[in-house]
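This report is for a reader new to the structure shown here. Please look over the sequence and the structure before reading on.

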Amino acid sequence: QVQLAESGGGSVLPGGSLRVSCTISHYPGSNYCAGWFRQAPGQEREGVAAISVPNGSGFYADSVAGRFTISQDNAKNTVYLQMNSLKPEDTAMYYCAAGPKWACMSVRGTVMSDGFMNWGQGTQVTVAS
C-alpha cells in the first residue's frame, strides 16, 4: 500500500521561507509523478508543483512560480517543496500526492490533479504577522 507522509509545516512571517517534505513509501515501480497541492478553508484545492520521479524537472502553478522549488532525493524516497517569499495567501493545508507519470501535467499555468491517486494527510502552513 502506497504511503505518503508530509512534514515540515508550521508558521512563518510574510517574506519568510519554509520547506515541507514528503516521504513516499511502497509506490509500485520507480517511475511516477509526485506533486504538491494545497487547500485553504473555503477554497478549492490548488495544484502547486509537480515533478517526475526519478529524474524529471519540476513545474509550477503561476501563483508560486519563481518562489517555490520542488526537488527530490531518490535515495530517501522524499520530495521537497522549498517555499520562499511566502505571502499570507500561501496559507493552506499542503498535501503531497503520487500517481503515474502521466499525472505530471500542467494546463495554462495550472498543475492538474487528475492522475494522482495516492494522497498524504497534509501539513499546515500558516503565513501571518
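## Basis

The structure is a predicted model.

## Disulfides

A disulfide is a covalent bond between the sulfur atoms of two cysteines. The count in this model comes to two disulfides. With the bonded cysteines numbered in sequence order, the pairing reads 1-3, 2-4.

The torsion about the S-S bond of Cys-22 and Cys-96 is about -80°, which makes the disulfide left-handed. Cys-22 has a relative accessible area of 0% and is therefore buried; Cys-96 is also buried, at 0%.

The sulfur atoms of Cys-33 and Cys-104 lie 1.9 Å apart and form a disulfide. Cys-33 belongs to strand 4, while Cys-104 is in the loop between strand 9 and strand 10 (106-107), so the bond ties together parts that are 71 residues apart in sequence. The torsion about the S-S bond of Cys-33 and Cys-104 is about 90°, so this disulfide is right-handed. Cys-33 counts as buried because its relative accessibility is 0%, below the cut-off of 20%.

In soluble globular proteins, nonpolar side chains tend to be buried together. The largest nonpolar core of this model has 37 residues, and Ile-24, Trp-36, Leu-81, Met-83 and Tyr-94 touch the most other members. The elements giving two or more residues to this core are strand 3 (18-25), strand 4, strand 5 (46-53), strand 7 (68-73), strand 8 (78-83), strand 9 (92-99) and strand 13 (123-127).

Apart from neighbours within four places in sequence, Met-83 is in contact with Gly-16, Ser-17, Leu-18, Val-20, Arg-67, Phe-68, Tyr-94 and Val-125.

## Arg-38

The side chain of Arg-38 makes a polar contact with the side chain of Asp-90, at 2.9 Å. Beyond neighbours within four places in sequence, the residues in contact with Arg-38 include Glu-44, Arg-45, Glu-46, Phe-68, Glu-89, Asp-90 and Tyr-94. Phe-68 and Tyr-94 are also among the contacts of Met-83.

How values were computed:
Residues numbered from 1 in each chain as written. Predicted model: local features only at pLDDT ≥ 70, side-chain atom pairs only at ≥ 80, totals over all residues. Heavy atoms only, no water. Polar contact = N/O pair within 3.5 Å; in protein donor to acceptor, adjacent residues only side chain to side chain. Contact = heavy atoms within 4.5 Å. Core = buried A, V, L, I, M, F, W, Y, C linked by side-chain atoms within 4.5 Å. Buried < 20%, exposed > 50% of the residue type's maximum accessible area, 1.4 Å probe, protein only. Helix = DSSP H or I, 4+ residues; strand = E, 2+ residues; numbered from the N terminus. Disulfide = S-S within 2.5 Å.
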